[in-house]
Amino acid sequence: MSKQTHPYHLVSPSPWPAVGATALFMGTLGGAMFMHQKPGGAFLLAIGFALVLYTMFVWWRDVIHEARVEKHHTAAVSRGLRAGMALFITSEVLFFAAFFWAFFNASTLPKLPLADTWAIAQGAWPPKGIKPFDPFHLPFLNTLILLLSGTTVTWAHYSILQNNRKETIQALWYTVILGLLFTCCQAYEYTHAAFGFKDTVYASTFFMATGFHGFHVIVGTIFLAVCLCRAYKNQFEPKQHLGFEFAAWYWHFVDVVWLFLFVFVYCDFANKLMPAFQAIFTGTNMLIVFVLALAAAMYGAYRVLLKGAHKHH
């Protein structure tokens with residue numbers, strides 16, 4: 001066998017992509033059958049979901065083995081993995097952007113049904129009959145919990161860089177506990193909501209945005225719990241801890257999304273700023289900004305051409 005002359009990792013043949021695809025197909029088919037009350041749908045959905053979890057476990061186990069035992073995670077491979085994680089988080093940002101867009105569209109320009117067809121009375125936000133949560137009750141507590149967890153996960157990262165295993169474990173324990181506490185507070189909040197999922201567009205967008213964020217908190221907590229187990233096994237080194245690094249990236253992303261949810265959904269900040277936006281972004285003001293920007297661009301081009309002419313002479 002010829003010696004490898006490049007720093008990239010050529011992955012060995014693996015059954016897990018095929019197993020994972022089969023599991024996803026079973027889960028999708030089972031979910032559709034379950035929702036249409038077909039016999040065997042729930043069983044197929046459960047098998048598919050369990051198989052997805054198994055695939056995740058064994059596939060990531062192999063990645064850890066490639067890194068620690070086979071030493072395949074060179075600098076070039078690590079850069080590629082970081083780029084992949086960055087793209088994944090970018091896709092998650094766009095995922096949540098859809099929910100924010102739906103909420104902003106409904107909240108900043110509320111309309112009654114068929115308002116686009118017939119000019120009828122302007123809608124109200126929140127819709128009539130909806131009593132939103134007090135943002136400075138449980139939502140504010142959850143905000144403090146997540147911000148604190150962001151500091152503890154940063155502490156864990158710093159401890160890894162200092163090769164301090166004891167403090168790494170301690171900081172990760174705090175982070176996992178805070179993640180679980182956030183989930184418990186959100187579950188309590190949901191059970192005491194004054195509205196249901198189907199009660200107007202406010203309720204639907206609220207539960208979709210905060211619910212999917214809660215799901216991401218659960219995923220992030222599991223991610224960090226796995227890192228905690230690996231820390232007990234002393235698998236993180238100052239120069240090699242991509243698994244933890246990605247968990248920390250994901251957790252900070254979850255923190256930032258929650259801050260946007262707190263400010264714009266719970267506090268309805270965008271709706272409160274709409275009068276100022278409407279006063280600032282008038283047609284006249286936008287025309288003035290456009291003319292000034294055009295003049296600045298022309299002046300910049302003139303300076304560049306003038307500088308080039310001086311160099312030519």
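Mentor: The pLDDT is the predictor's confidence in each residue, on a scale from 0 to 100. It applies here since the model is a predicted one. For the chain the average is 87, with 89% of the residues scoring at least 70. Residues 117-121 fall below 50, and beyond near neighbours in sequence this stretch has four contacts in the model. Where pLDDT is low, the predicted coordinates should not be read in detail.

After α7 comes Asp-268, with a positive phi near 55°.

Consider next the partner of α7 in a helix crossing. The axes of α5 (residues 165-191) and α7 (residues 242-266) come within 13 Å and cross at roughly 30°, and the crossing is left-handed. On the α5 side the contact is made by Leu-172, Thr-175, Gly-179, Phe-182, Gln-186 and Glu-189, and on the α7 side by Phe-244, Trp-251, Trp-258 and Tyr-266. Six of these contact residues are nonpolar, three are polar and one is charged.

With ring centres within 6.5 Å as the criterion, the count comes to 35 aromatic pairs. In one of them, Phe-136 with Phe-262, the centres are 5.9 Å apart and the planes stand at 85°, so the pair is edge-to-face. Phe-262 belongs to helix α7 and Phe-136 to the loop between α3 (75-108) and α4 (138-161), so the pair ties together parts that are 126 residues apart in sequence.

Helix α4 itself has 24 residues, which should span 34 Å at 1.5 Å a residue; the 35 Å between its end C-alpha atoms agrees. Following α4 is Asn-163, whose phi is positive, near 60°.

Methods
Residues are numbered from 1 along each chain as its sequence is written. This is a predicted model: local features need pLDDT of at least 70, side-chain atom pairs count only at pLDDT 80 or more; totals for chains, interfaces and linings use all residues. Side-chain values use heavy atoms; hydrogens and water are left out. Axes are lines fitted to C-alpha atoms, for helices over the stretch in contact, and angles run from 0 to 180 degrees between N-to-C directions. Helices (H or I, at least four residues) and strands (E, at least two) are DSSP runs, numbered from the N terminus. A crossing is left-handed if the near helix is turned anticlockwise from the far one by less than a right angle, and right-handed if clockwise. Contact means heavy atoms within 4.5 Å. Ala, Val, Leu, Ile, Met, Phe, Trp, Tyr, Cys and Pro count as nonpolar, Asp, Glu, Lys and Arg as charged, and the others, Gly among them, as polar. Rings of Phe, Tyr and Trp (its six-membered ring) pair if their centres lie within 6.5 Å; planes under 30 degrees apart count as stacked, over 60 as edge-to-face and the rest as tilted. The expected span of a helix is 1.5 Å times one less than its number of residues.
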